[in-house]
Amino acid sequence: MASYLPTPDLSHLKSADYHNVYEPAEDSFLLLDALELEAPFLNDQLQPRWCLEVGAGSGIVSTFLAGQVLGSRAVDFGTCFVVTDLNPRALPVTQATWARNGLALHRLHCIQTDFIRGWRPAAQGFDVLVFNPPYVVTSPEEVGSQPRGRGGIDGRQVIDQFLPIVPTILSDRGVFYLVLIEQNRPQEIISIMRDQYGLLGSIVAQRKAGIEYLYIVKFSRDTSTT
Amino acid sequence: MRLLTHNMLQCHVKSCNDPALNFPLQFQEVELEQIEAEENEALLLNLVGKIDWPALVQTTSELGITGLPPTKPDVVKNDPALMKRLHEILLETNVAQGKMVCRGCGHSYPIKDGIPNMLLAEHEI
């Protein structure tokens, strides 16, 4: 699948920066491709006002969403972008990536936190939620975030903590894009989201990359029963 | 960190759950700077829909920032002077350094190089 929108300029980042933040790899690029495929839906139907990326990393994903996928439409919609990261070094890098790509920083709100903890409940309701979690299968003792997250048993330990939060922070019409690998058991996660949280999931992109089989799963509220 | 971001954050220490006290967090020892930003009516109206007005009034008053009516006008859009002031306050007023302290439990959330740190220790979650 070719990417037609240009990938954000990351030439300001040096190899030393990638000791501190995750260097974009196949999983990041598949997520960009998925967001590009979703561009007509995002621009014509959803027209998001509030976007959240959990785990900002290098900033490539939020920059691509704000600059390439939504582009000038984000200005028309008045879209506000919130990014979080546990790693304090990631957030200045994300800001630098936004600036490097000509995006206005007053539309970007960076918070060092776990998921979106500390954001007051009454102000929740994100129209787009993006998370490229630490999905790699490791021993449970290794679970951590820097610079590339380790996901513990089945790569699910961080993912499973985040799933119950999703329905509480997603707006009524909001969509959630999640990066997974085969070992995370995407179909099981789709079942959990449907049965426990009323969110319908579908795979919007998938690709084999080296030893990983990657998926991008999109979730939205099940409105058929309301 | 823009003042807008502050309006979205509250103390989330597990034992601290008095909504009258855990929001808004109180700024202390803050270093403020004005950073010019392009005006965008759609963005501003989007923000106005989400902000907690009394908390914004309280916070700006504590920082010595004036120019906001005590209650939220029904229609902000028709008041160009207020729109401009809101733009300056929410999007151009930047907190470079300082801390945000909870009025309930006293927990202090540092702001370093414009980025608020909302992380808690394991026992506080």
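**Salt bridges and backbone**

Author: To begin with one pair in this predicted model, Arg194(A) and Asp195(A) join their side chains in a salt bridge, with N to O at 3.0 Å.

Reader: Is Asp195(A) buried or exposed?

Author: Its partner in the salt bridge is Arg194(A), which is partly exposed at 42% relative accessibility. A residue has to be over 50% to count as exposed. Asp195(A) has a relative accessible area of 56%, so it is exposed.

Reader: How many salt bridges does the structure hold over all chains?

Author: The pair of Arg194(A) and Asp195(A) is a salt bridge. Over all chains, the number of salt bridges is 17.

Reader: With which residue does Asp114(A) form a salt bridge, and is Asp114(A) buried or exposed?

Author: The closest N and O atoms of this pair are 2.8 Å apart. Buried means under 20% relative accessible area, and Asp114(A) has 19%, so Asp114(A) is buried. The other residue is partly exposed at 26% relative accessibility, and its name is Arg117(A).

Reader: Which parts of chain A does the pair of Glu188(A) and Arg156(A) tie together?

Author: Glu188(A) and Arg156(A) form a salt bridge, their closest N and O atoms being 3.0 Å apart. The two parts are 32 residues apart in sequence, and because Glu188(A) and Arg156(A) lie one in each, the pair ties together helix α8 and the loop between β4 and α6.

Reader: Which residues are linked with Arg156(A) in a network of salt bridges?

Author: One link to Arg156(A) is the salt bridge from Glu188(A). The network holds Arg156(A) and Glu188(A) together with Asp154(A), Asp160(A) and Arg185(A).

Reader: What is the phi of Asp154(A)?

Author: Most residues other than glycine have a negative phi. Asp154(A) is found in the loop between β4 (126–131) and α6 (157–162) of chain A, and is partly exposed with a relative accessible area of 29%. Although Asp154(A) is not a glycine, its phi is positive, at about 55°.

Reader: Where in chain B is Asp113(B) found?

Author: Asp113(B) has a positive phi near 50° and is not a glycine. At 55% relative accessibility, Asp113(B) is exposed. Its place in chain B is the loop between β3 (108–112) and β4 (115–116).

Reader: What separates the C-alpha atoms of Gln187(A) and Ala90(A)?

Author: Gln187(A) is in helix α8 of chain A, residues 186–197, and counts as exposed at 51% relative accessibility. Gln187(A) and Ala90(A) are 97 residues apart along the chain, and their C-alpha atoms are separated by 31 Å.

Reader: What does UniProt list for residues 47–138 of chain A?

Author: Over residues 47–138 the chain is 30% helix and 24% strand, with the end C-alpha atoms 38 Å apart. In UniProt, an unreviewed entry lists these residues as "domain: Methyltransferase small".

Note on methods
Residues are numbered from 1 along each chain as its sequence is written. Chains are lettered from A and ligands numbered from 1 in the order in which they are written. This is a predicted model: local features need pLDDT of at least 70, side-chain atom pairs count only at pLDDT 80 or more; totals for chains, interfaces and linings use all residues. Side-chain values use heavy atoms; hydrogens and water are left out. Helices (H or I, at least four residues) and strands (E, at least two) are DSSP runs, numbered from the N terminus. Buried means under 20% relative accessible area, exposed over 50%, partly exposed in between (1.4 Å probe, protein chains only). UniProt positions are given in the numbering used here, feature names are shortened, and annotations may be inferred rather than shown by experiment. A salt bridge is a side-chain nitrogen of Lys or Arg within 4 Å of a carboxyl oxygen of Asp or Glu.
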